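Here is a short report for a reader new to this structure. Please look at the sequence and the model first.

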Amino acid sequence: MKKVSVIVPCHNAAKWLPQCFLSLVQQSIGIDGLELIFVDDASDDAGETWALLEEFERAYPESIMIIHLEENLRQGGARNVALGYATGEYLAFVDADDFVEKDFLEKVYRRAVENDADIVQFDYVYYTERLGKVASGRMTADESIQIQTKEERKRFLISEKITYGCWNKLYRRSLVEKAGVRYAEHVIYEEPLFVYPLLFYGNRFEIMAEAFYCYRQNEVGTMRRDMRQMTTLQMHADVQLAVWHFMKQTSFFREYYEEIKLYFLHTYFYETLLFAVQRGFEVPYSMYETLRDTVKAEVADYRESPYAAMIPRQMELYRVENEAENRESIQKRVKAFISKM
C-alpha cells in the first residue's frame with residue numbers, strides 16, 4: 001500500500017501544472033511511497049493539459065495515474081472520481097495551480113503515523129508571481145486533539161480549530177470510506193460537504209503550525225472569477241444545505257443537534273448574506289426569502305440556541321426576521337441589519 005494518495009484536479013491547467021507536478025514528484029518522502037492521481041476535468045485547451053499529464057505518467061508509470069473526464073464536473077466532481085481509485089493509507093488534495101514544499105508529505109505523514117491521527121491539518125502560504133510567498137495571517141499553534149467523550153466533541157466542534165477547506169489536510173483514507181463522504185459537484189464551495197462530516201467520525205486530530213501548501217492567487221483562478229457572480233452565493237447556500245441533509249441521515253444528528261444547527265444556521269443563512277455584502281451585491285429579496293423559508297422548514301427552533309451568547313449578530317438577524325410584520329418591513333429591517341455587517 002502506498003503511504004499517501006495525492007489527488008490533483010486539473011482544468012486548463014497547462015500553465016501551472018509543471019510546478020505542481022515537480023513539487024510532488026520531488027517530495028522528500030520519496031516518489032515510491034506516493035500515488036499521484038491527476039484528473040483532467042474536461043479541459044478545453046486543445047489538449048495541452050492532457051498532453052502534460054501523459055508525459056507525467058510516462059515518466060513515473062508506477063506512481064502516477066491519469067484520468068480524463070468527458071464532462072466537466074468542477075473540482076469536487078473530479079476529486080470524487082479520483083477517490084474511487086485511491087489506495088493510499090492517507091489522502092491529500094492539491095489543486096493544479098498550487099504547489100507544496102519539498103518536505104510536506106514526509107513531515108505530515110510522519111505526524112499522522114506517530115499520533116495515529118485521522119486528520120492532520122497544516123498551515124499554508126499565499127503565493128503570487130509578484131510577491132512570492134506571503135504568510136496566511138492565521139494564528140495557529142501545534143496541537144494534538146483526542147476526543148473520547150460527547151462533551152469533548154461538542155467543545156471541539158464549536159472551537160472550529162479544524163477548518164472546512166480540504167487542501168490543508170491529510171486524511172486517513174479508511175475514515176473517508178467509513179463516513180461515505182464525497183464533494184459537492186458542479187459547484188464551487190464544494191469542500192464542506194466532504195470535510196465537515198469527518199469531524200464526527202474522527203477521534204484524533206493533529207494541527208501543525210508549519211506551512212507546507214502554497215496557495216496561488218491569480219486572477220484567472222476559479223475562486224477569484226466565480227466569487228464575483230451572484231450565482232455562486234446560491235451555490236454556497238446549496239452546499240451548506242446538502243451538509244445539513246447529510247448530517248440528518250447520520251447517527252450523530254440527534255446527539256449533536258445543537259452543534260450541527262449552529263453550523264448550518266451560520267453557514268447557510270448568515271454567512272451567505274454576509275458574503276453578498278462583502279462583495280457589494282444587492283441581495284434580491286427572493287433570495288433572502290428562500291434562505292429564510294428553508295431555515296424555517298428545516299429548523300423549527302432556529303430562534304433558540306444554547307450558544308446564543310457566542311453568536312449575537314446571528315441571533316439579532318433571526319429576531320429581525322421573526323419580529324417583522326410583513327414583506328416590506330422584513331425587507332427594510334433585514335437591509336438595515338445587513339448594512340451594519
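The report below covers a helix, a strand, some charged pairs and a loop residue. The model is a predicted one.

## Helix H1 and its cover

Helix H1 spans residues 17-25. Its buried residues are Leu 17, Cys 20, Phe 21, Ser 23, Leu 24 and Val 25. What lies over them?

## Strand S9 and its partners

Strand S9 covers residues 169-172. Its side chains point two ways. Lys 169 and Tyr 171 point one way, while Leu 170 and Arg 172 point the other way. All of these residues are buried.

S9 pairs with S4 in the antiparallel sense, over three bridges. Here Tyr 90 stands opposite Arg 172. Strand S6 (residues 119-128) also runs antiparallel to S9, and three bridges join them. In that pairing Gln 121 stands opposite Lys 169.

## Salt bridges

How many salt bridges does the model hold? The count comes to 19. One of them joins the side chains of Asp 95 and Arg 79, at 3.0 Å from N to O. Asp 95 sits in the loop between strand S4 (90-93) and S5, and Arg 79 sits in helix H3 (residues 74-83), so the pair ties together parts that are 16 residues apart in sequence.

Are these two residues buried or exposed? Asp 95 has a relative accessible area of 7%, so Asp 95 is buried. Arg 79 is buried too, because its relative accessible area is 1%. Both residues belong to a network of salt bridges that also links Glu 190.

Lys 161 and Glu 143 form another salt bridge, with their closest N and O atoms 2.8 Å apart. This pair links distant parts of the chain, 18 residues apart. Lys 161 lies in the loop between helix H5 (150-159) and strand S9 (169-172). Glu 143 lies in strand S8 (residues 143-146). Lys 161 is partly exposed because its relative accessible area is 36%. Glu 143 has a value of 26%, so Glu 143 is partly exposed as well.

Arg 292 forms a salt bridge with Asp 293. The closest N and O atoms of that pair are 2.8 Å apart. Arg 292 counts as buried, because its relative accessibility is 10%. Asp 293 counts as partly exposed, at 35%.

## Arg 111 in helix H4

Arg 111 is part of helix H4 (residues 104-114). Why does Arg 111 count as buried? Its relative accessibility is 14%. Buried means under 20%, so Arg 111 falls within that class.

The side chain of Arg 111 makes a polar contact with the side chain of Asp 142, at 3.2 Å. Leaving aside residues up to four places away in sequence, Arg 111 touches Val 120, Asp 142, Glu 143, Ser 144, Glu 206, Ile 207 and Met 208. Glu 143 in this list is also the salt-bridge partner of Lys 161.

## A loop residue, Ala 308

Where is Ala 308 found? It is in the loop between helix H13 (285-298) and helix H14 (312-323). Ala 308 counts as partly exposed because its relative accessibility is 30%.

Ala 308 and Ser 63 are 245 residues apart in sequence. In space they are 50 Å apart, C-alpha to C-alpha.

How values were computed:
Residues numbered from 1 in each chain as written. Predicted model: local features only at pLDDT ≥ 70, side-chain atom pairs only at ≥ 80, totals over all residues. Heavy atoms only, no water. Buried < 20%, exposed > 50% of the residue type's maximum accessible area, 1.4 Å probe, protein only. Helix = DSSP H or I, 4+ residues; strand = E, 2+ residues; numbered from the N terminus. Polar contact = N/O pair within 3.5 Å; in protein donor to acceptor, adjacent residues only side chain to side chain. Contact = heavy atoms within 4.5 Å. Salt bridge = Lys/Arg side-chain N within 4 Å of Asp/Glu carboxyl O. Pairing = 2+ DSSP bridges.
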